[in-house]
Amino acid sequence: MLLPSLFLLANAALVTSQSICTQPGPVTSVTVLSYLPNFISIQYEPPEDCIAPFRVCTTNLVTTVQTCSTTSDNIYNATGLFSCTTYNIGIARLGSYIDSPVMAFNMTTPAIADPVTDLQVTPFNQTQHRAHWTPPSTTNCILNYLVCDINLLTGDQICVEDYTTSIESSEYIFSDLHSCTDYNFTVASMIGVHESEVSHFTTRTTVGGLSLNNLRVSNASSTSLVVQWETHESLTRCSDYSLSVCSTNIATGAQQCGVSLSGNQWQPTGLDSCSLHAVTPTITAEGQTSSLSHLNAVTASSVRILNLLTVPTNEIVGNYVQLNSSEENRLNNEQADVLFEAKAFETTWLNQRPCSPINWGGDVGDARKDNTMITSAQVVNVNTSEISISWVPVYPGSPCALGYQVCWGVIGVTSPTCRTDVSRDVTEFTVTGLQSGTSYNLQVMAMFEGNQLSLPYLLSATTSAPGAVTNLVLSEVGPTMFTFSWDAPEETSGCEVGSYEYCWTNLLDQVRTCETGDSLNHTVSGTWPCTPYTLTVTSLGTSANSQTVSLDVTTAGVASPNKIKLLCLGPNNIQLLCIGPNNIKLLCLGPNNIQLLCIGPNNIKLLCLGPVTEYLITIMNTHYVLVQWARPSNTNCNLVYWLCWRTPQMEWSLCIGTDLTNSPSMAYNITTLMSCMDYTISINSVHFGELSELVSEPLRTPVSMQSLSDLTATSVTDTSFLVGWVVPEDSVRCGHTLDVCSTHLATDHRYCSLNATGSQWQRTDLTPCSVYHVSAVLTVLTHTFPPRNLTVTTARPDDAMVLSTECNCLNVSDDAMILSAQVDNVTTNEITLSWVPVYPGSPCALGYRLCWSPVDQDNTTQGCRSDVSREVDSFTLTGLRSLTKYTVEVAAWFGEDQVSESVNVEARTTGGAVELIASHLLLFVCAVTSLGITATTGSSLMSSPAV
């Protein structure tokens with residue numbers, strides 16, 4: 001019968017037998033049964049091919065000491081191991097002819113956290129204590145500490161986790177401790193998540209920093225101050241605690257003290273009005289006395305204060321702070337009406353000329369009453385355009401005032417001009433830009449907050465002016481000269497004329513030349529033919545000058561060559577040749593359109609220069625200042641200006657020319673400065689090459705805060721990388737600190753370089769094929785920028801290790817990326833397997849490569865997959881043949897043909913008996929049909945004689 005024979009063949013194909021191996025296959029899977037600091041237990045499974053003993057070797061990768069044993073058991077226990085140590089474990093099956101390949105992998109024993117010893121806590125300074133201890137003897141492990149301070153009075157606890165310190169120092173500084181308080185200080189060593197027993201040290205803190213919180217003056221009257229403060233409750237627990245506060249008048253030195261004060265305020269009385277007082281507290285506790293930082297306070301003014309409401313065309317209105325009555329007293333005058341509200345006194349102002357001295361509250365000549373801030377004032381200097389005044393304040397420095405207001409106006413003309421930026425530290429002021437020979441009213445008063453003013457002190461003065469010349473005429477005009485004359489002015493009392501200034505200006509190039517003399521005529525030579533000029537003559541008095549009289553003139557023409565050569569001098573006296581056709585004088589321009597000095601016929605050199613004397617420099621931001629200055633008052637020339645600036649470290653100044661000429665007030669922005677630098681700025685007035693310089697006081701540009709401009713990681717290997725950064729120059733100049741930390745994302749281990757210097761930091765002793773988070777935090781002065789972050793992945797391991805030949809083992813490389821692999825499921829045409837990577841996630845690999853081949857086909861590879869994601873740890877092979885034994889290799893893939901050491905597993909696909917019988921029956925039927933055999937009715941194919 002053929003059918004039973006087919007069943008017999010099918011059953012025989014499924015039967016295997018085991019015997020002693022001559023060439024055994026490798027171990028297929030390894031399972032870790034136990035994992036302790038000094039003990040590892042593993043179980044391994046061989047293929048079901050034959051019986052063979054196992055040889056297991058354990059190698060300490062730190063000391064290279066190796067231990068091997070031979071056993072027939074599939075469980076192996078490695079004992080006597082060291083904690084925090086990496087071991088290489090290799091397993092091979094021993095055959096009678098040749099041994100199997102070695103299954104090798106690395107394992108690191110866990111840690112044991114031992115407690116610290118010899119913990120001591122001692123005072124470090126006024127607000128800190130220092131803890132010092134001896135670290136545990138575990139040297140192979142990476143130690144961190146858990147450091148805590150516990151306030152035994154309140155129970156508050158503050159802990160610092162993952163604190164790292166060097167083995168040599170092993171110390172920690174406790175900060176922000178309360179004075180005179182019992183604390184329990186604890187330190188525990190930590191290795192990963194393992195924490196040792198806690199070491200304790202209990203002590204009482206010292207007095208600490210003696211200070212008051214929020215020292216302030218909450219109220220100030222004209223004769224008293226209310227000083228308030230807050231005392232930390234920890235100070236009150238200290239023995240012999242005492243607080244004293246003193247108030248000292250800065251001007252007179254008079255002092256008033258409160259001794260052994262309780263509560264939170266003290267009020268000294270009987271003080272001088274409008275005076276600056278230094279308030280100084282002193283604390284005594286446990287035998288220590290400390291004078292704290294003082295506080296400056298100003299008593300109020302006792303004067304009657306004027307609120308300036310409005311200044312209409314013909315009326316000045318003032319409003320006094322009401323004390324006793326609200327009676328209004330209108331004071332009429334032929335020039336102005338002044339409205340006041342009486343304040344504890346009566347006064348009249350009748351038939352007074354506007355802005356003339358007035359006695360407020362007493363007869364003329366009496367001492368001033370307590371209703372003003374100015375004791376006396378006077379006019380100290382007068383000329384044709386300026387009036388200078390000075391005054392004596394009632395209170396030295398007027399500390400209760402914001403400053404002074406000075407107002408002036410022409411007598412009989414309203415709308416006075418006022419300056420409100422006069423500092424309270426000065427007692428004089430010069431009014432400029434006035435008309436000569438004009439009478440002015442002036443007043444000075446103290447300014448307070450809220451636009452409040454003290455009573456004014458009134459003055460008047462008249463600017464001087466000599467008489468102007470008359471009958472200015474030309475007596476002779478030629479091509480290169482002209483002569484003019486004038487009549488002397490009438491004498492003015494107090495303004496006698498001593499000499500005359502006569503000037504002529506070439507209207508083509510704006511060159512102006514001036515001379516002085518006492519004659520009534522003058523001849524100008526060296527002029528250019530056919531050129532328009534303007535003449536001016538001014539009477540020079542003993543204290544002022546007259547108004548200027550002018551006259552226009554055009555020189556006559558002459559026969560001349562087609563070209564006139566002009567010699568022009570540029571910077572550093574470099575000669576430039578300017579040629580103009582037909583008597584036209586060219587304007588020689590240098591860099592930035594700066595006019596150069598030109599020498600005309602007869603070598604006449606024109607000079608007209610005045611120095612800058614008034615300037616204002618305003619710091620706008622870290623790199624930008626605004627320079628403002630006034631045009632020199634002693635010249636009428638067309639000047640140009642150079643601005644120069646330099647630092648003490650600069651050998652040369654940086655300069656720039658401006659295009660400003662005749663504006664009465666000039667301004668220029670310098671926008672190329674550096675922050676945190678000391679600069680001096682010079683303003684140079686230039687006229688045709690001649691220069692006059694004004695150098696400013698040193699100024700310092702503000703702080704510029706810029707975060708790190710770059711954070712990189714280079715020179716990345718399997719155990720190290722180099723972190724680099726760039727700190728902006730502005731932050732370097734202003735002073736900075738930089739903290740750089742790296743954190744292993746898998747273990748959360750963190751290592752920092754605090755107050756890092758230079759521009760790079762080398763991290764070593766890292767784990768291969770691991771992801772690290774790098775963070776850099778920059779602090780400039782007191783400002784801390786958000787951290788700059790970077791992620792770095794270390795490279796795959798590339799070292800090799802050769803095991804001892806005594807164990808008859810093969811070479812095992814240390815770049816394994818797969819710890820173990822196993823078969824999880826098998827069907828007729830699929831194999832599902834999983835694996836355990838050495839490094840979680842295998843971040844240094846691009847993915848995994850799986851290759852498979854039938855065992856009975858000379859290991860010819862049937863297929864490979866290199867697109868398996870590194871995020872997975874299992875895979876199903878499909879499209880396989882049933883009843884076929886496959887070898888599958890799993891390795892990490894690094895790109896192109898680079899892979900790690902592979903781990904191999906074997907598995908056999910399944911096959912159903914029904915499918916096998918059906919296949920054979922189909923072949924049988926096909927064979928019978930091809931022979932032409934026909935079955936008879938009722939007969940069986942199985943019993944046909946033809947078969």
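Leu 781 sits in the loop that runs between strand E59 (771–780) and strand E60 (783–784). The model it belongs to is a predicted one. With a relative accessible area of 48%, Leu 781 is partly exposed, because a residue counts as exposed over 50% and as buried under 20%. Together with Val 703 and Met 705, Leu 781 forms a nonpolar patch on the surface, and the three share about 230 Å² of accessible area.

The protein chain holds 4 helices and 71 strands. It has 947 residues, of which 41% count as buried. Its accessible surface comes to about 49,200 Å², and carbon and sulfur atoms account for 50% of that. Among contacts with a separation of 6 or more, 59% are between residues 24 or more positions apart.

One case of such a contact involves Ser 175. This residue is in the loop between strand E12 (171–174) and strand E13 (182–191), and its relative accessibility of 32% makes it partly exposed. Apart from neighbours within four places in sequence, Ser 175 is in contact with Thr 127 and Gln 128. Thr 127 is 48 residues away along the chain, yet the C-alpha atoms of Ser 175 and Thr 127 are separated by 6.3 Å. With Gln 128 the link is a polar contact between the two side chains, at 2.8 Å.

Asp 149 can be set beside this. Asp 149 is part of strand E10 (residues 144–151) and is buried, with a relative accessible area of 8%. Setting aside neighbours within four places in sequence, the residues in contact with Asp 149 include Asp 156, Ile 158, Phe 174, Leu 177 and Tyr 183.

Asp 118 is not a glycine, but its phi is positive, near 55°. Asp 118 belongs to strand E8 (residues 117–123) and is exposed, at 55% relative accessible area. Asp 765 also has a positive phi, of about 55°, without being a glycine. Asp 765 lies in the loop between strand E58 (760–763) and E59, and with a relative accessible area of 74% it is exposed.

Next come the disulfides. A search of the whole structure finds 10 of them. One of these is formed by Cys 274 and Cys 400, whose sulfur atoms are 2.0 Å apart. The torsion about their S-S bond is about -90°, so this disulfide is left-handed. Cys 274 is in the loop between strand E20 (265–266) and strand E21 (276–285), while Cys 400 is in the loop between strand E29 (387–393) and strand E30 (403–410), so the pair ties together parts 126 residues apart in sequence. Both cysteines, Cys 274 and Cys 400, are buried.

Another disulfide joins Cys 769 to Cys 844, with an S to S distance of 2.1 Å. This link is left-handed, with -95° about the S-S bond. Cys 769 lies in the loop between E58 and E59, and Cys 844 in the loop between strand E65 (831–837) and strand E66 (847–854), so the parts tied together are 75 residues apart in sequence. Cys 769 and Cys 844 are buried.

Cys 851 and Cys 864 are also joined by a disulfide, S to S 2.0 Å. With 115° about the S-S bond, the link of Cys 851 and Cys 864 is right-handed. Cys 851 lies in strand E66 and Cys 864 in strand E67 (residues 863–868), so this pair ties together parts 13 residues apart in sequence. Cys 851 is buried at 8% relative accessibility, whereas Cys 864 is partly exposed at 41%.

Definitions and conventions. Residues are numbered from 1 along each chain as its sequence is written. This is a predicted model: local features need pLDDT of at least 70, side-chain atom pairs count only at pLDDT 80 or more; totals for chains, interfaces and linings use all residues. Side-chain values use heavy atoms; hydrogens and water are left out. Patches are made of residues with over 30% relative accessible area and no salt bridge: like charges are joined within 9 Å, nonpolar side chains (Val, Leu, Ile, Met, Phe, Trp, Tyr) within 5 Å. Accessible areas come from the Shrake-Rupley method with a 1.4 Å probe; for residues, only the protein chains shown count as cover. A salt bridge is a side-chain nitrogen of Lys or Arg within 4 Å of a carboxyl oxygen of Asp or Glu. Helices (H or I, at least four residues) and strands (E, at least two) are DSSP runs, numbered from the N terminus. Buried means under 20% relative accessible area, exposed over 50%, partly exposed in between (1.4 Å probe, protein chains only). Contact means heavy atoms within 4.5 Å. A polar contact is a pair of N or O atoms within 3.5 Å; within protein, one must be able to donate a hydrogen and the other to accept it, and residues adjacent in sequence count only if both atoms are side-chain atoms. A disulfide is a pair of cysteine sulfur atoms within 2.5 Å.
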